[in-house]
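Student: I would like to learn how to read a model like this one. Please take me through it feature by feature.

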Amino acid sequence: DAAAAVRLAAELEMRVAGVYADVVRAGGGERRRSAAEAMREAAVRSVRWSGESVAFPGLAERSGTAPGGPAPAP
């Protein structure tokens, strides 16, 4: 249904932000700047879909605090 599609879109954008956060951490120079911009854009799109935001996009699911997020790695 429409509500499920909106939730999925928000979740996908937040996960994309997480991937870009990994690139930001691992990259440097222009690659890092581009990844940071893409991470911000994905986080903004997620907020537009869900109406909710997090302090550090792309990191909540890694801490295990996000709903439905994986548990932290040992």
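**Reading a helical model**

Tutor: Start with a pair in one helix: Asp22 and Arg25 are 3 residues apart in helix α1, so about one helical turn separates them. Their side chains meet in a salt bridge, at 2.2 Å from N to O. A salt bridge here is a side-chain nitrogen of Lys or Arg within 4 Å of a carboxyl oxygen of Asp or Glu.

Student: What are the ground rules for this model?

Tutor: This is a predicted model, where local features need pLDDT of at least 70, side-chain atom pairs count only at pLDDT 80 or more, and totals for chains, interfaces and linings use all residues. Residues are numbered from 1 along each chain as its sequence is written, and side-chain values use heavy atoms, with hydrogens and water left out.

Student: What average pLDDT does the protein chain have?

Tutor: pLDDT is the predictor's confidence in each residue, from 0 to 100. The protein chain averages 80, and 73% of the residues score at least 70. Residues 65-74 stay under 50. For that stretch the model has 8 contacts beyond four places in sequence. Contact means heavy atoms within 4.5 Å. Where pLDDT is low, the predicted coordinates should not be read in detail.

Student: How many helices and strands does the protein chain have?

Tutor: Helices (H or I, at least four residues) and strands (E, at least two) are DSSP runs, numbered from the N terminus. The protein chain has 3 helices and 0 strands. Along the sequence the pattern reads α-α-α.

Student: How do I check a helix by its span?

Tutor: The expected span is 1.5 Å times one less than the number of residues. Helix α1 has 25 residues and should span 36 Å; its end C-alpha atoms lie 37 Å apart, which agrees. Helix α2 has 22 residues and reaches 32 Å from first C-alpha to last, close to the 32 Å expected. After α2 comes Gly51, with a positive phi near 80°.

Student: Which residues of α2 are buried?

Tutor: Buried means under 20% relative accessible area, exposed over 50%, and partly exposed in between (1.4 Å probe, protein chains only). In α2 the buried residues are Ala35, Ala38, Met39, Ala42, Ala43 and Ser46. Seen down the axis of α2, they fall within an arc of 140°, so they line one face of the helix. That arc is taken from the directions from the helix axis to the C-beta atoms. On the other side of α2, Glu30, Arg33 and Arg48 are exposed.

Student: What covers the buried residues of α2?

Tutor: The cover includes α1. In α1 itself, Ala9, Ala10, Glu13, Met14, Ala17, Gly18, Ala21 and Val24 are buried. Take Ser46 in α2 as a case. Ser46 is buried, at 3% relative accessibility. Leaving aside neighbours within four places in sequence, Ser46 contacts Ala10, Glu13, Met14 and Gly51.

Student: Which residue does Arg45 meet in a salt bridge?

Tutor: Arg45 pairs with Glu13, at 2.9 Å from N to O. Arg45 lies in helix α2 (residues 29-50) and Glu13 in helix α1 (residues 2-26), so the pair ties together parts 32 residues apart in sequence. Arg45 is partly exposed at 32% relative accessibility, whereas Glu13 is buried at 16%.

Student: How many salt bridges are there by this rule?

Tutor: The count comes to 4. Among them is Arg33 with Glu30, the closest N and O atoms being 3.4 Å apart. These two are 3 residues apart in helix α2, about one helical turn. Arg33 and Glu30 are exposed.

Student: How far apart in space are Arg7 and Trp49?

Tutor: Their C-alpha atoms are 7.3 Å apart, although 42 residues separate them in sequence. Arg7 sits in helix α1 and is exposed, at 55% relative accessibility.

Student: And the chain as a whole?

Tutor: Of the contacts with a separation of 6 or more, 59% join residues 24 or more positions apart. Buried residues make up 24% of the 74 residues. The protein chain exposes about 5100 Å², and carbon and sulfur atoms supply 60% of that area. Such areas come from the Shrake-Rupley method with a 1.4 Å probe; for residues, only the protein chains shown count as cover.
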